[in-house]
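Subject: Structure for your review

Dear colleague,

Please find below the sequence and structure that I am handing over to you. My notes on the findings come after it.

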Amino acid sequence: MDYERIKEKLSILADAAKYDVSCSSSGSKRKNTTKGLGDSSGIGICHSYTEDGRCVSLLKILLTNHCIFDCAYCVTRKSNDIKRAAFKVQEVVDLTIHFYRRNYIEGLFLSSGIFKDADYTMERLIQVAKKLRLEENFNGYIHLKSIPGASDELMREAGLYADRLSVNIEIPTKSGLKLLAPDKKHEDFIKPMEKVKNEIIQYKQESLFIKSTPKYAPAGQSTQMIVGASGESDRDIMYSANFFYKKYNMKRVYYSGYVPVAEDPRLPALNSKVPLLRENRLYQTDWLLRFYGFDIRELLNEQNLNLDLEVDPKLSWALRNRHLFPVNINRVEKQLLLRIPGVGLKSVNKIVQARKFRKLNWEHLSKIGIAMNRAKYFITCDSREFEVKEPSSEYLKNVILKTSSGKFRKETGTQLSLF
Amino acid sequence: MQQQAVLSYDGTLEGFLTCVFTAYEEKLKVVAINASENTTQQLFTASYEVITHSGKAKRVWLSLKKKTSAAGLRDLKWAFLSEIPQMEMQLYRMIRYILAENVPVDRDFSHPAVLKVAQAAKKVGREKHRMEAFVRFRRTRDEVYFAAIEPDFNVLPLIKSHFKNRYADQKWIIYDLKRNFGIAWDLAAVNYISLDLDPEVGISGAPEAYFHTSEIAFQQLWNQYFTSTNIKSRANSKLHLQQLPKRYWKYLTEKNL
């Protein structure tokens, strides 16, 4: 192995892959039953954290950063003047195995620029996964990119070796896509997604009757959207996310604040800041959809095109729906408990458990760990002291902002007018 | 008045459970249970040296099993491994509480001992998970993947099966420098071992006297990856330190090159 050359390639191709935010290595069921290397049946493990605070659980690299496309938002676009490199299939296999054996990683995340055409590229990605599974007896986690436009046969094969497959939709609106990635067609993204979805359903059905049915992408599909590159609204982003969750059974949709990589009049300028706060609010909304029983239309609609940056989306919703509150924490059903600002999933479960034994008062609730500074205005409990005054929502929002702190508070920088 | 009893045992879980058995059998008023090396003589107490008896230990465990949830049993085991001073007494109180009640109470966190035990178990669980994440193997000249750690709690027994399932086709050793014993997989079974380690071996690096000639190259490759995958314009050192506390940096290849 020529370590110096590999090191150079690694620096180029890891650098180009880092804008893909998916890092999860959980949800697969691949056990090490063959006395081989690796096991991905448990929870995912973060083996390290980079200085931007993101976790490192997979070796995340591109096979190559040569690309025939010229998408404006992408660092590896054809017209960008950067160093190009390509790994050989065997090199990726060796790196994965050697890193895995040292307990550096949970597995491989392999993406690629598109060289020649979609099928040619997809074939190379599959070769890596196939070699790892069949020649190295590797049971660690493998996440492969589905290359937009790849044929159905290849997508079918990919799922037999990979734990997760993903196509990044990147630009949530068709108009944005036309503007920023003129060579790409919306259908090209959808086609592999549709194929993988159908295969997953089919394999699941078969495995009900035939025990030896091989696993097909056991950790499902995911996708990613860039936030803040094409002037889209939060509603645009979350409605497409919702569409992908519902229509293609996505396990996850990731939101990636746009990091300026090019001087281009169609895009935010090079020195503009990464929209971290907006990204954070989108993830909060995503969680409300998946775990808290919210419908997207309650959170974002004609009147509310964008999320409130100052407060979290659940609080923002509650402030618009004051007629539903206050609720009695000892009586109200679980679905409504989930909608109280400052009360998370774990607290809801604890409340439901605890109120079987005794009526809960403020002290119980704060021990359970709910965020009292927000919750107290929306609940009653076993106590005579309530925040029953009914100030306007605007006033209430200011009080909450004034009596709490937040890590992004400097950025929103609102002047509090009422005090 | 009944005399107060101080029990000492050999430091094993079996030994501790034998203490519990003895306390019931002899109707002792137990005020302290200590692993032998920590024993100090006290006035007005009777000291008992309890000899580990696996039959007695098993009886205690079996009767606990009937009244305790899986999570409760796990908490008892894990809290025992925390080696927190006087944890034995908390465990003893929790066991007495469980055995005295007719309904399962091992999840009743309003009982002080149950809460203490659960909190200790949580700490141990966190350390276990961190060791599964932060152990870094180095390939030795004789083809064994070696890692040295100094965990806050005695977690080797807990991480054994994780590494056994994962690295079935390579020989490995994880060595606890603090407690001076290790676990070793020889492709057939995991054994407890103790070694005379040359300090030169260290926790990181790859001195040529001990490690494979290619070891340092892979450490450098990993380090390169770690550097390249960072996004500078998203720097967030507060979050970085929160996720990766400094006391764990000594294990990490990417922080020691």
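This is a predicted model: local features need pLDDT of at least 70, side-chain atom pairs count only at pLDDT 80 or more; totals for chains, interfaces and linings use all residues.

**Chain B as a whole**

Chain B contains eight helices and eight strands. Its C-alpha trace spans about 70 × 45 × 35 Å along the principal axes. Of the 257 residues in chain B, 33% are buried. When contacts in chain B between residues at least 6 apart in sequence are considered, 68% of them join residues at least 24 apart.

**A helix pair in chain B**

Helix H3 (residues 70–81) and helix H4 (residues 87–100) of chain B have axes that come within 9 Å and cross at roughly 165 degrees. That angle makes H3(B) roughly antiparallel to H4(B), because angles over 145 degrees are counted in this way. The crossing of H3(B) past H4(B) is left-handed. On the H3(B) side, the contact is made by B:Leu76, B:Ala79 and B:Phe80, and on the H4(B) side by B:Met87, B:Leu91 and B:Met94. By class, six of the residues in the contact of H3(B) with H4(B) are nonpolar, with no polar and no charged residues.

**Where the two chains meet**

In the contact between the chains, 35 residues of chain B touch 35 residues of chain A. Four helices of chain B, namely H5 (112–134), H6 (156–166), H7 (215–228) and H8 (237–243), each supply at least two residues of the side that touches chain A. Which helix gives the largest share of that side? The answer is H7(B), with nine residues. By class, the side of chain B that touches chain A holds 17 nonpolar, twelve polar and six charged residues.

H7(B) itself has 14 residues, and the distance from its first C-alpha to its last is 20 Å, close to the 20 Å expected at 1.5 Å a residue. The buried residues of this helix are B:Glu215, B:Phe218, B:Gln219, B:Leu221, B:Trp222, B:Gln224, B:Tyr225 and B:Phe226. In chain A, the buried residues of H7(B) pack against helix H1 (3–17), strand S1 (48–49), strand S2 (55–56), strand S3 (58–62) and helix H2 (89–101); in chain B, they pack against strand S4 (138–139).

One residue of chain A may be of interest here. A:Arg101 lies in helix H2 of chain A. Is A:Arg101 buried or exposed? A:Arg101 counts as buried, because it has 20 C-beta neighbours inside 10 Å.

**Helix pairs in chain A**

The axes of helix H4 (residues 152–161) and helix H6 (residues 186–209) of chain A come within 9 Å and cross at roughly 50 degrees. H4(A) and H6(A) are therefore oblique to each other, and their crossing is right-handed. H4(A) contributes A:Asp152, A:Met155, A:Arg156 and A:Gly159 to the contact, while H6(A) contributes A:Pro192, A:Lys195, A:Val196 and A:Glu199. By class, the contact of H4(A) with H6(A) has three nonpolar, one polar and four charged residues.

Helix H7 (residues 234–248) of chain A has 15 residues, which should span 21 Å at 1.5 Å a residue; its end C-alpha atoms are 21 Å apart, in agreement with this. The buried residues of H7(A) are A:Asp234, A:Asp236, A:Ile237, A:Met238, A:Ala241, A:Asn242 and A:Phe244. The elements of chain A that cover them include strand S7 (221–227), strand S8 (252–257), helix H8 (276–291) and helix H9 (296–299). After H7(A) comes A:Asn249, which has a positive phi, near 50 degrees.

H7(A) packs with H8(A) at an angle of about 35 degrees, and the axes are 11 Å apart. The crossing of H7(A) and H8(A) is right-handed. In this contact, A:Asp234, A:Ile237, A:Met238, A:Ala241 and A:Asn242 of H7(A) meet A:Leu282, A:Thr285, A:Asp286 and A:Leu289 of H8(A). The contact of H7(A) with H8(A) comprises five nonpolar, two polar and two charged residues.

Yours sincerely

Technical notes
Residues are numbered from 1 along each chain as its sequence is written. Chains are lettered from A and ligands numbered from 1 in the order in which they are written. Axes are lines fitted to C-alpha atoms, for helices over the stretch in contact, and angles run from 0 to 180 degrees between N-to-C directions. Angles under 35 degrees count as roughly parallel, over 145 as roughly antiparallel, 65 to 115 as roughly perpendicular and the rest as oblique. A crossing is left-handed if the near helix is turned anticlockwise from the far one by less than a right angle, and right-handed if clockwise. Two residues are in contact if their C-beta atoms, placed from the backbone, lie within 7 Å. Ala, Val, Leu, Ile, Met, Phe, Trp, Tyr, Cys and Pro count as nonpolar, Asp, Glu, Lys and Arg as charged, and the others, Gly among them, as polar. The expected span of a helix is 1.5 Å times one less than its number of residues. A residue is buried if 20 or more other C-beta atoms lie within 10 Å of its own, exposed if 12 or fewer, and partly exposed in between; C-beta atoms are placed from the backbone.
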